[in-house]
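Here is a briefing on one protein structure. Look at the sequence and the model first, then read the points below.

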Amino acid sequence: MSMSSADVLQFVASGLQNGAIYALMALGFTLVFASTGIINFAQGEFFMLGGMLAAAGMAAGVPLGVSVLAAVAATTLVGCLVERLALRPARSAGGLALVIITIGCSMLIKSGARHLFGPDERALPAFTAGEPLSVGGALIEPQAVWVLVLALAAAVGLTVLYRWTKMGLAMRACSISHDAARIVGVDTARVVMLSFGLAGALGALAGAVVAPITQTAYDVGARMGLKGFAAALLGGLGDPVGAIVGGFVLGLLESGAVAVVSGTYKDAVALVVLLVVLVLRPQGILGRHLGEKL
Amino acid sequence: MSRSGARWGAALVVAALLAGAVAGCGAKEGGGSDAGSGTTQKEPYRVGVVVSLTGTYAGLGIPEKKAIELQRDAINANGGVNGHPIEVIFEDDATDPAKAAAAASKLIEQDGVLAIIGATGTAQTMAMRAEVQRAGVPQVSMAGGSVITDQLDPLVFQTPWPNRIVVPFVLKAMARKGLTKVAVISDSGGYGKDGHAIIVKEAPAAGVTIVADETFNPGDTDMSSQLTKIRAAKPDAVLMWNAGKEAALIAKGMKQLGMTQPLFGGPGNGRKEFIQGAGDGAEGFRFAAGKILVPSAYGTDTEAYKVATEFIDSYTAKYGESPDIFAGHAYDAFLIVVDALKRIEGDATPAKLRDAIEQTKGLVGVGGTFTYSPQDHNGLTESELVLYRVENGAWVLDEQ
Amino acid sequence: MNAFRVRQWFGVIVAMAMLAVPLVVTDRYVLKVLTFVGVNAIVVVGLALLFGFAGQVSLGHAAFFGVGAYASAFLTGTLGVPWLGAVALAVVLACVVGWAVAVPSLRLKGHYLAMATLGFNEIMSVVFVEARAVTGGNDGLGNIPFPSIGPLELRSPTALCVLVWAVALAVALAARNITLSRPGRAMRALHATEPGALAVGIDVAAVKVRVFALSAGLAGLAGALYAHAVGFISPSSFGLDFSILLMAAVVLGGRESLLGPLAAMTAFTLLPYSGALLPGIPRAVAETIQDWVPDLVGLTVVLTLIVRARGASLRFATRKQAEAGEDS
């Protein structure tokens, strides 16, 4: 079987589309990690909530745009609540206990979604109708454009927030040292809650924007969480730019694995990347140092 | 505040432990099956049902449970079977084979059931085999894996059309349409693998050449890489074999990639969620399944048409949605057990029931007409299958 | 000294009583559930040693459990190896796999180790599905022989339950001895402070690898027993969900405790079967409980950790206040 350049481009397009979703998820992981030093196992459930809430909104007759925005807003709130109700009261228990609390939260969110929405998969219409665009022979769905544009917009917005706003400064301060940040007057509790809220928003945005392409169900979170984490790790945990790069690299790697080997081992790519990076280069491919938060 | 919080937490943990302790005590007490409450009627016939109400197959197991509940109520309202009301005991296997085995054990040991209907999935069905064999209780499975009746067990029967019947039917239909260069895409789950092996084996006999052979994992969310490889192989048609939500992604992905080749599939794709999920991409999709989706395929003057439409109407009236093929498989499984019970003279026992089920002959269900024999515990033939096409978001007959 | 003796005798009596349970229970289904309790007890003891004592987290124990199960099932069923030899080989294999995971993970701590072991579990799930020649793939592996030693074959549920519980008891006692001995102290030192452990001459790396391999071996042992007791295994029993449940039990059970994780895991194991175990319970209630098991487990984990953290910080705060001589 021979592949034309259009086919190769098609693989790249597929890799970029998935990569954009992984990048959003990785950003969610990285934000929480930067401000708290923990890995949030509930990140995948934020993704699930984004898609499921938007689909439920549509089913209830709410217009698509409103449904999506409401789903993102509601998940932001869920993110804040996870932090406020489950993590903050146990803050003194330290890293691993907090990580396990996020596992408990993810069980509750996933199971809750099943009670609320049932076990069947749900569909969401594309944000804009239209024929696929041809780019150099590769065909790209309009929704895939939405995925890329929204992922980039989120990345840019986050960079602006992080680099040039007071809140971003506070967040960066927290990622270096909570105590030091508190000394210079940063409300660290608020920063942590905000990072969870933003992680919720990013996850939900990813879940809602990709649902028209992939459909969604109550149990899609864990898998996407694993991919997002692998991407975050690949780019260096705690580094937003790295998270975006890591997401796209992972998406392209997976797409390449299907092209060269077989679809069966696609998931194994993310896992092998995860293990190799963890063992050989825990600071990530871009990372310079590993924040001592262990 | 936090002290009372601590107390609450402690209370919760203690409660959890108590649950364990009480369960332990219950273990000591729980001897035989609890005696049936005194009724004026004859003693009820007990049938156990193992379905997946949670986990991956919940979307299949829930309609199965509904279909059986519907039939149970209808039969009991009409005086039961030979004067015996039917008591159905449902167990959820959570799509877990180990839980399915435990559930079978529970139904046999604690409830003393005459037969077990189940499970929803192939692995769960196979996991129950040791229990069923030991107790000599007949089992009627609603799962489609060929392995269930290929590894023939005197006690185990099956209602869906297995892949070994459906796959050649679809391949021949493709060849008839002149679509001989076929690309296959199947999932790596049990049903997909089962089908894939048969596709590869049967393709030469049907005159079909496989020009691309791609796989994906259950739960995958993007098929474009696999489809790009298929597109490069320039097939006449694409055949997908799976039983999950990923089917919609394939149909949509083909449209997105500008692939105009016809897409074919199996009974696992006869779900409304597929049409909803794939949208435009589902248009023109052809798949083989029994006649329940469009009962007029039986011919409107046939017994089968009457049975199917009655089931569809009563199911729709009760649950506000039309039954899918999985509800149909459950209806048939229950029908087979009830029909066999009717033919038993004297007291029903699992052994008599097994023999009666094996003697099922010309029984008209919604999935087809069942005739079992000591060599054939599936009881369906290719003649029960039709080819459907999706048109304007609905199933229509493609050819007759 | 005397108190220790009393406790020892008490332990013996409890052990005897526990072993008597399978003999008293006649319901074959309940025996099956109790067998699951025993199997899970073996895994959770191993994980308690690893996490509760040595402080090394693992979200991959379901995979070691699976390695033991498939190895023993394949060796007996396909290759015809005698049961005892197959179980022993399965345990060794699980230990070796555990060792192979532990060595490259030595530099990982805390949640990095959690993610690495989680990734390992997911990779093994793919392997269990894809290595069809050995595992039977998604259809599972059936007809696994009952445990047998020479002409003696254990096929009754009572015998299987007694076997599993006897092994579980032996494992629990051995684990207790380990925790009270020199290696146990080394593990605890490691948990408390790694540099401190190094400073007092403990070979930290060796302790970590050994306890990980031991813990994986115990999971493999449990898996082998499970395979022969149930007679059928398939990949869905060895997924991440089970790893997480095990970890939750150890976390709930508390640090440096064997009984706590055992009690928690027993509760988790029995919870889905409450309908069958509590004779009087209405069916609807039992079904509701089964439906809400993940919620119950999740909520219990979150609440326990919060309560424990608050308790600890409260004690810490009171002590600080007392030290500072403050009064509020």
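In this predicted model, B:V140 stands opposite B:F157 in strand β5(B). Strands are DSSP runs (E, at least two residues) and helices are DSSP runs (H or I, at least four residues), both numbered from the N terminus.

**The sheet in chain B**
- Strand β4 (residues 139–141) of chain B pairs with β5(B) in the parallel sense, over three bridges; two strands count as paired if DSSP finds at least two bridges between them.
- Strands of a sheet pair through backbone hydrogen bonds, either parallel or antiparallel.
- Five strands form an open sheet in the order β2-β1-β3-β4-β5 (chain B), with parallel pairing.
- At the edges are β2 (86–92) and β5 (156–158) of chain B, each pairing on one side only.
- Helix α2 (residues 58–77) of chain B lies across β1 (45–51), β2 and β3 (115–118) of chain B and runs at about 170° to β2(B). Contact means heavy atoms within 4.5 Å; axes are lines fitted to C-alpha atoms, for helices over the stretch in contact, and angles run from 0 to 180 degrees between N-to-C directions.

**The second largest cavity**
- A cavity is a set of points on a 1 Å grid over the protein atoms alone where a 1.4 Å probe fits but cannot get out; lining residues have an atom within 4 Å of a point.
- The lining includes A:N18, A:R223, B:G219 and B:D222.
- α9(A) gives the most to this lining, with three residues.

**Basis**
- Residues are numbered from 1 along each chain as its sequence is written, and chains are lettered from A and ligands numbered from 1 in the order in which they are written.
- Local features need pLDDT of at least 70, side-chain atom pairs count only at pLDDT 80 or more, and totals for chains, interfaces and linings use all residues, while side-chain values use heavy atoms, with hydrogens and water left out.

Definitions and conventions:
1 Å grid on protein atoms, 1.4 Å probe; cavity = no way out; pocket = protein on both sides within 12 Å on 5 of 7 lines; lining within 4 Å.
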